Amino acid sequence: MEDAVRPDEQAFKAMYERGYCTWFSLYDLATAGKKTRLPWWDSMFRLDHPTFPKELAVDASFSNTALAKGTSTWKTSQGSCDLPSFDQEFFIPIASDSPVALDISEQQQSASAFRPLLPEEDDHIALLLLGWTYILSARWAEIIPGASAPEYSNFEAEWDLGNIHCGVMPTSPNKLVIDLGDADDDAARWWAAVLALEGGWNASIPNDRDHILHSPWSTNLVSKQRFTLSRSTKSRPLPTQYPAASLSAALHYLSSYCKLHDIAEQMHAALAATLLLPVARFDNRKVQLPTPKIRRKVQVEKDNVCKTFSWSENLNQLDKLITLSCNAVGMKALLNSVFFEPSVGCNICGAWLQGTFAFLDSDIIQDRHSLLRVLMERDVDLGFLWLGAFIIGAETRALQEARLGWWKIDLHVAAWTGTLMSFIQQPVSTLLPGTGEILRADECRLMYLSHDQSYKVAPLFPFAPFGSTLLTDTNIDVRQHAQCGANHSLEYGGLTWRCCGGERIAALDLREASLRAKSGNPECNNIVVDYNSLDNEDDDCSEMVTRNIFTWLRDEDGFPVAERAIREHAWIDNLDSDNDEPIEGDARSTAGVNLHGWLSKTGTWRSNSL
């Protein structure tokens with residue numbers, strides 16, 4: 001007898017092969033080494049995203065965070081249709097009560113592990129990341145009302161009064177000498193603050209109780225090695241009360257250091273890593289970076305210096321990255337969007353992910369660099385985020401969540417960046433005249449677009465429900481708009497920020513961001529698939545996603561009689577459990593929904609419902 005929900009073994013195996021071969025093809029692309037391709041950091045300079053307005057109203061009523069809030073507008077149809085647009089509230093954290101713990105030690109993997117992405121021999125990533133934390137915080141303080149610009153503390157990195165220009169001091173292996181070239185006093189004092197172990201600066205904002213909240217990129221630095229600074233000009237004691245560097249000055253100091261050591265690409269990589277620091281805080285984990293490897297004094301010919309991108313002349317682009325970085329949930333959603341495949345249904349997504357990780361765990365992927373390159377290849381516009389995640393170790397949690405099929409979606413950041421991360425973003429199919437049924441995926445889309453009280457939150461998981469529903473078994477909104485002749489789809493229409501004095505200021509229009517297709521060829525031509533990880537009996541992922549999407553779909557009106565076999569399937573049947581705990585994973589939101597007895601109350605609402 002055919003299973004009403006689970007695919008048969010042949011279909012499961014075919015989807016496993018599709019996942020395996022898709023990522024194998026990405027490996028081939030990543031190792032082909034196309035020289036015509038734009039550098040990995042190009043997308044960081046092209047990313048489109050809203051920016052915080054300077055009139056922003058900050059909700060500082062919480063003890064552990066402060067929020068920026070806004071309202072987005074979503075269009076639902078094109079053509080003659082009375083289905084109205086709808087608004088969606090959203091918020092982005094812009095401060096935190098605790099800095100990110102940053103541990104620098106010899107045990108961590110050096111940036112050299114990411115060659116040829118980062119071709120430079122030495123590793124300055126930790127130093128540059130610390131510089132970027134100051135720079136992003138300085139710009140944050142210029143934008144966010146009530147925030148204080150960075151101020152120096154009394155703590156400083158040490159100075160080398162000898163003749164050692166860089167590297168580890170032979171008589172003191174716990175001291176690492178950092179050569180600043182001909183840095184002046186202002187640059188020297190900035191680096192002394194940035195590299196101070198005890199915390200050489202702070203940028204903050206008070207909450208409503210006058211408790212101090214920190215900028216999203218504030219760190220608590222821990223290192224067994226102390227940084228010792230050296231410069232060609234004579235070092236002399238600087239005043240204790242020293243004015244902190246401005247944003248433009250700090251950008252100049254960081255760029256000058258990168259030009260001195262010819263490490264422009266590491267400057268970009270360190271920025272990408274700094275942008276991921278709020279994700280580390282969200283995941284409640286410490287960031288671990290390797291001790292800088294500075295083995296030589298670089299003598300660089302002027303013609304050979306790799307030009308650094310002038311952020312001072314492109315502050316609007318930096319503002320876009322700052323707003324994105326504050327949204328840790330959105331950043332995590334972007335990372336894991338590479339594992340979404342639009343044509344994979346909820347009841348077989350486990351096979352897709354089994355095949356995916358069978359390849360990513362295979363011996364073909366020899367090291368972290370190979371894994372990174374393959375993940376970047378899936379969506380090159382998000383490649384800089386994956387590099388940043390690998391540098392600070394955030395990829396571990398992302399891959400764990402992807403393996404289980406348990407990751408969040410964020411429709412706002414998806415629309416702003418043109419990222420396809422959920423079936424709900426795709427247009428509703430056009431029904432041919434005389435068609436008596438509708439794809440359940442389209443049924444879900446129309447229910448969300450109709451935005452009835454029970455469907456104001458999008459499905460939690462990205463994979464679509466399988467199969468079709470008779471039009472006579474759908475609710476009145478679905479029946480009406482499936483046949484009204486208009487084109488229906490979820491289209492971002494703009495946003496307004498909540499600003500000071502109760503005003504609402506519309507964000508500047510973003511460029512038209514069409515949803516990008518994912519890369520990867522699912523054909524298995526000339527590919528030997530490894531089936532050692534194939535296990536169609538162990539498919540908790542598909543079960544979880546299927547139960548959640550059908551809870552979302554049928555919680556309000558119940559299951560039609562025609563779906564009796566689905567309703568009674570083992571994956572679904574525990575919805576009317578006697579306990580009052582919400583269903584695993586929560587079908588609607590992370591707030592939780594009590595589903596006890598939901599089935600019994602729906603029977604009176606529709607005559608053809610169970």
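**Figure 1. Elements that line the largest pocket of the predicted model.** β2 (65-78), β3 (86-96), α7 (277-282), α9 and α14 (411-417) each contribute at least two residues to the lining of the largest pocket. The greatest share comes from β3, with 10 residues. By residue class, the lining divides into 23 nonpolar, nine polar and seven charged residues. The space in the largest pocket comes to about 1,200 Å³.

**Figure 2. The aromatic pair Phe340 and Phe463.** The structure holds 32 aromatic pairs. In the pair formed by Phe340 and Phe463, the ring centres are 5.8 Å apart and the planes make an angle of 55 degrees, a tilted arrangement. Phe340 belongs to the loop between α9 (328-336) and α10 (349-360), and Phe463 to the loop between α15 (440-450) and β15 (468-470), so the pair ties together parts that are 123 residues apart in sequence. Phe340 counts as buried because its relative accessibility is 0%, under the 20% limit. Phe463, with a relative accessible area of 1%, is buried as well.

**Figure 3. An aromatic cluster that includes Phe340 and Phe463.**

**Figure 4. Charged side chains over aromatic rings, with Lys13 at Tyr531 and Arg231 at Trp159.** Lys13 lies over the face of Tyr531, and its distance from the ring centre is 4.8 Å. At Trp159, the charged end of Arg231 sits over the ring, 5.3 Å from the centre.

**Figure 5. Positive phi at Asp210.** Asp210 is not a glycine, yet its phi is positive, near 65 degrees. The residue is found in the loop between β9 (201-206) and β10 (212-214). Its relative accessible area is 62%, so Asp210 counts as exposed, the limit being over 50%.

**Figure 6. Positive phi at Asp262.** In Asp262, also a residue other than glycine, phi has a positive value of about 55 degrees. Asp262 is placed in the loop between α5 (247-261) and α6 (264-275). With a relative accessibility of 26%, Asp262 is partly exposed.

How values were computed:
Residues numbered from 1 in each chain as written. Predicted model: local features only at pLDDT ≥ 70, side-chain atom pairs only at ≥ 80, totals over all residues. Heavy atoms only, no water. Helix = DSSP H or I, 4+ residues; strand = E, 2+ residues; numbered from the N terminus. Buried < 20%, exposed > 50% of the residue type's maximum accessible area, 1.4 Å probe, protein only. Phe/Tyr/Trp six-rings, centres within 6.5 Å; stacked < 30°, edge-to-face > 60°. Lys NZ or Arg CZ within 6 Å of the ring centre and 35° of its normal. 1 Å grid on protein atoms, 1.4 Å probe; cavity = no way out; pocket = protein on both sides within 12 Å on 5 of 7 lines; lining within 4 Å. Points joined across faces, edges and corners; volume = space filled by probe spheres on them. Nonpolar A, V, L, I, M, F, W, Y, C, P; charged D, E, K, R; others polar.
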